[in-house]
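Please open the structure in your viewer and keep the selection panel at hand. The stops below say what to select next and what is there.

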Amino acid sequence: MALCALAAAPPAEAASDSDQGLDFKYMYYWDRNGVWNHTPAFGFFRKLSSLWTIKWDQEFDAVTGASRRLGLRNIGRLGDHDLKLDGVSGASRREIRHSEKVGIAYDNQGRAAAAAFYFSDENDYRSYSPSVSGYLDFNDRNTTLGASAALFFDEMRPRGPFRGLGGKREIISLSGTLAQVLSPLSLVGLTANVIHSSGYLGHPYNPVTTANGTLLIEHLPGRKTAAALSGQILQGFHLGERLGSLRLEARHYRDDWKLISNTAEVQWYQYVAEATFVRLRARGYNQGTAAFAKKAYDGGEVYRTTDIRFFAFTSLSLGMKIGSVFPESWEDSYLLPDRWDIGYDQGVRDTKGEEDGISPLFHYQVFPKDQYYMQGTFMLGLSFDL
Amino acid sequence: MHPSARNPPHRRVFRLIKLALLAALILATTILGGCARVHQKDREFLGDPIMQRAPDALEGNLESHNLPRREGSSGGSSGSGGGCGC
């Protein structure tokens with residue numbers, strides 16, 4: 001299922017000193033299978049006092065389908081256009097997801113704590129998640145030690161041909177963070193994360209086709225324990241008189257399904273005018289194959305899956321973002337935003353297509369077999385100091 | 001199957017490099033944590049938005065929620081669950 005970081009993030013400096021503010025983001029995603037995803041979201045905060053802040057985040061997804069199960073648009077008898085169930089996946093082509101997250105945060109001179117409750121609802125999936133976090137600065141506020149915990153109570157209720165499959169799952173996510181200021185222009189951070197999942201961990205929209213053409217339901221273990229370690233180095237510098245920063249991040253993940261992944265990301269922020277910055281970034285990701293995932297099944301296996309998430313691949317994405325402020329004269333109006341940003345990331349996955357046919361194993365590869373899977377994400381942001 | 005075929009030399013080298021980088025990071029954090037003292041008055045740049053560990057929280061939430069499911073990855077984000085719009 002989807003991955004997301006829902007535990008409260010480490011405290012960050014606000015972009016303004018306002019007592020309340022509203023951030024709006026609009027994300028548009030596309031891929032070469034014809035999948036698109038419009039996601040408007042907003043985050044609101046209001047300071048109740050010098051110590052307490054309430055937060056409210058809301059997110060909507062209007063999506064044609066996740067790329068691992070779609071890609072059948074207008075193909076053969078499955079070209080039944082939107083609003084009908086997909087003959088293979090059993091899922092609606094169009095789907096609306098809605099999530100809310102409310103939280104309260106306390107911050108008193110280096111002692112910070114936060115609690116939040118998250119709720120997400122969509123056609124065939126519902127999730128509730130409480131989370132807490134705490135951070136403590138010491139060593140003259142040069143060192144930060146933090147911990148967070150999140151519980152997820154999820155339930156998948158498939159409709160259509162896969163009705164009756166799915167089920168409940170519980171996830172416990174624990175993380176610990178150590179961050180250290182090294183100089184007036186540099187800091188490092190280290191985060192360890194342990195995730196334990198139990199219950200129904202599969203995705204019924206990924207049926208397995210055996211060598212003799214029999215369609216079998218996916219079957220995965222009922223428990224998974226994963227651990228990840230990530231390190232971050234942030235180094236500031238001056239290019240002329242303008243401040244810039246270089247952010248390097250590496251992450252190593254492994255779980256007891258024998259899947260290992262590594263992520264490396266570099267971001268370069270640079271002010272190009274007094275309040276205008278440019279961000280360039282590159283991200284590389286590589287993962288191996290889960291122990292039980294195979295390209296072909298004979299039907300006698302204990303566990304079987306064709307879920308793309310459990311097979312090896314490498315991906316690379318490159319992106320650019322620009323952010324700035326609106327004229328100071330706009331500050332007098334609540335209706336006009338104070339800051340804006342706009343960005344685009346282009347990704348490529350080393351997953352080749354299946355030409356005009358549909359792979360019996362991977363139903364999403366409907367692009368030419370000599371080409372790689374491509375995807376892009378556009379993001380627009382507006383911030384209001386209220 | 002010969003053990004070296006399951007664990008070829010280049011994989012062992014990568015593993016060693018990863019362990020060395022990790023050890024270096026932990027060592028640097030531990031050692032420098034004991035001696036680095038940047039006073040509040042010297043933190044002008046550390047307070048700038050582009051110097052934050054999470055400079056844009058809402059964007060970070062959106063990306064960590066959407067990227068793994070669109071990319072189809074299993075270990076690229078720090079949590080699991082929460083729905084996917086799929």
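Begin with chain A by selecting strands S6(A) and S7(A), which pair in the antiparallel sense over 12 bridges. Everything on this tour belongs to a predicted model, and the positions described are therefore computed ones. Across this pairing, A:Leu136 stands opposite A:Leu145, the latter lying in S7(A). The two strands, S6(A) and S7(A), form a hairpin with four residues between them.

A:Asn139 is partly exposed, because 16 other C-beta atoms lie within 10 Å, a count between the limits of 12 or fewer for exposed and 20 or more for buried.

Next, move along chain A to A:Lys258, which is placed in the loop between strand S13 (242–255) and strand S14 (260–273) of chain A. A:Lys258 has a positive phi of about 70°, although it is not a glycine. Its surroundings hold 13 C-beta neighbours inside 10 Å, so A:Lys258 counts as partly exposed.

The next stop takes in both chains. Which residues make up the largest nonpolar core? Select A:Ala179, A:Val181, A:Leu187, A:Val188, A:Leu234, A:Tyr269, A:Tyr271 and A:Phe277, together with B:Leu46, B:Ile50 and B:Met51, and you have the 11 residues of that core. The elements that give two or more residues to this core are strand S8 (167–183), strand S9 (186–199) and S14 of chain A. In soluble globular proteins, nonpolar side chains tend to be buried together. Within this group, centre the view on A:Tyr269, which, leaving aside its neighbours within four places in sequence, is in contact with A:Gly244, A:Ser245, A:Phe277, A:Arg279 and B:Ile50.

Then turn to chain B, whose secondary structure comes to three helices and zero strands, in the pattern α-α-α along the sequence. Of the 86 residues in chain B, 42% are buried. Select helix H3 (residues 57–71) of chain B, which has 15 residues and reaches 21 Å from its first C-alpha to its last, close to the 21 Å expected at 1.5 Å a residue. H3(B) is mostly covered, with 13 of its 15 residues buried. It is followed by B:Gly72, whose phi is positive, near 80°.

Finish by colouring both chains by confidence. Chain A averages a pLDDT of 84, and 84% of the residues score at least 70, whereas chain B has a mean pLDDT of 70, with 48% of its residues reaching 70 or more. In chain B, confidence is highest in H3(B), at 83, and lowest in helix H1 (residues 3–6), at a mean of 46. In chain A, select residues 1–14, where pLDDT stays under 50, and then residues 67–90, where pLDDT also stays under 50. For the model overall, the scores are ipTM 0.83 and pTM 0.84.

Methods
Residues are numbered from 1 along each chain as its sequence is written. Chains are lettered from A and ligands numbered from 1 in the order in which they are written. pLDDT is the predictor's confidence in each residue, from 0 to 100. Two residues are in contact if their C-beta atoms, placed from the backbone, lie within 7 Å. The expected span of a helix is 1.5 Å times one less than its number of residues. A nonpolar core is a set of buried Ala, Val, Leu, Ile, Met, Phe, Trp, Tyr and Cys residues joined through C-beta atoms within 7 Å. Two strands pair if DSSP finds at least two bridges between them.
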